[in-house]
There are 2 protein chains.
Amino acid sequence: MQFSKSTDYALHALIHLAQSERRNNIGIKELCATLGVSESYLSKIMSKLRQDGIVRAVPGVNGGYELARPAGEITFLEVIQVIEGRQQLFECSNLDSQQHRLLAEDRAARQDQDCQGQSECLVKKVMDGAERQLHQYLREYTIQSVLDAASKECNHALNKK
Amino acid sequence: MQFSKSTDYALHALIHLAQSERRNNIGIKELCATLGVSESYLSKIMSKLRQDGIVRAVPGVNGGYELARPAGEITFLEVIQVIEGRQQLFECSNLDSQQHRLLAEDRAARQDQDCQGQSECLVKKVMDGAERQLHQYLREYTIQSVLDAASKECNHALNKK
DNA sequence: ATCATTATGGACCTATGATATCCATTATAA
DNA sequence: TTATAATGGATATCATAGGTCCATAATGAT
């Protein structure tokens, strides 16, 4: 279980766009030179980011990409979900297996109305909790926060001089 | 990015073993009937769990599997790592890209001794933090805790009657 | 000792998705 | 009108997940 390279590229591309905010329309050529990745591959990724409203793109002379929103409003979670998709981290296969059927029957036999309906697998419950934790964390970091961290390091160094 | 089916199978198999603790040596036939998965595939998974000391296996008549340790000492994290491997959730490709080189040069130019050595990518720093969060969460849940949750539900129902 | 039983590990297969390239087309500004 | 730059479709390659089959080894029962 790993994040794809595309996610890596997407995040770094967005950081570069954020760093170059005064200039608008950064071309794919500059982006792929900066990231060290092929033009054709990176444009697929940029295309996805555009379709999800994270960047704007303009073709033609002096065209290129720019952030569609302030860098502080683009979270890591959002970027990751655009690239990786929005499937759940964990899906319980064989919900009709004997193990699950027994648990469900238990619940049914007990006629516990509170438990009806939440026939979810207990393993999945734990894993869904893990996913929630992860999402909560990734929502707290934005493209801007990375830029801030970089300049904070820089200021720290300057103060020492 | 998703957990594999194998992780699903492994967790459910371990829960079944834990539920059947008094009987020892649960055969692969019983396990795969319970989980609804093929014998040949599940045995690969069980073999991994054995190699990592999570279950014990004994061949021959009346042989089978049993937990190698108390269910309360087998964490979700451990099981997941055995099955999924221990690679990092995020690896930064192109550490020699222009973007990374510039950051590194900045640090070097500043001659900030505190920052030397930690030339790590700022994106990776965030993602490593996410991984730590996830691991911390998954370490808190064990095979036993799932069993406890199930019986707690059961008691809750009995008290209402 | 032999035999039936059960786990093990190697070889193999297939499907899927990640990674990647190429090109024809479309949209834009100069 | 033209050069430029993004877009999307088709395609290729490779690694991994998911899965099967079989020969072998180990074990308890007879």
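## Cavities and DNA contacts in a predicted model

In this predicted model, the lining of the second largest cavity comprises two nonpolar, six polar and one charged residues. This cavity has a volume of about 60 Å³. Its lining is formed by Asp8(A), Tyr9(A), His12(A), Leu35(A), Ser93(B), Asn94(B), Ser97(B), Gln99(B) and His100(B). Two or more of these residues come from each of helix H1 (5-19) of chain A and helix H5 (98-110) of chain B, and H1(A) gives the largest share, three residues.

The structure holds three cavities of 30 Å³ or more.

DNA strand D has 27 residues around it, of which Ile28(A), Lys44(A), Arg50(A), Tyr65(A) and Ser38(B) come nearest. Of the atoms of DNA strand D within 4 Å of the protein, 60% belong to sugar and phosphate. The surface near DNA strand D consists of ten nonpolar, 13 polar and four charged residues, and H3(A) supplies its largest share, four residues.

| Residue | Protein atom | Distance to a phosphate oxygen of DNA strand D |
|---|---|---|
| Ile28(A) | polar backbone atom | 2.9 Å |
| Gln51(A) | polar side-chain atom | 3.3 Å |
| Ser38(B) | polar side-chain atom | 2.4 Å |

Notes:
Residues numbered from 1 in each chain as written. Chains lettered and ligands numbered in written order. Predicted model: local features only at pLDDT ≥ 70, side-chain atom pairs only at ≥ 80, totals over all residues. Heavy atoms only, no water. Near = heavy atom within 4 Å. Polar contact = N/O pair within 3.5 Å; in protein donor to acceptor, adjacent residues only side chain to side chain. Nonpolar A, V, L, I, M, F, W, Y, C, P; charged D, E, K, R; others polar. 1 Å grid on protein atoms, 1.4 Å probe; cavity = no way out; pocket = protein on both sides within 12 Å on 5 of 7 lines; lining within 4 Å. Points joined across faces, edges and corners; volume = space filled by probe spheres on them.
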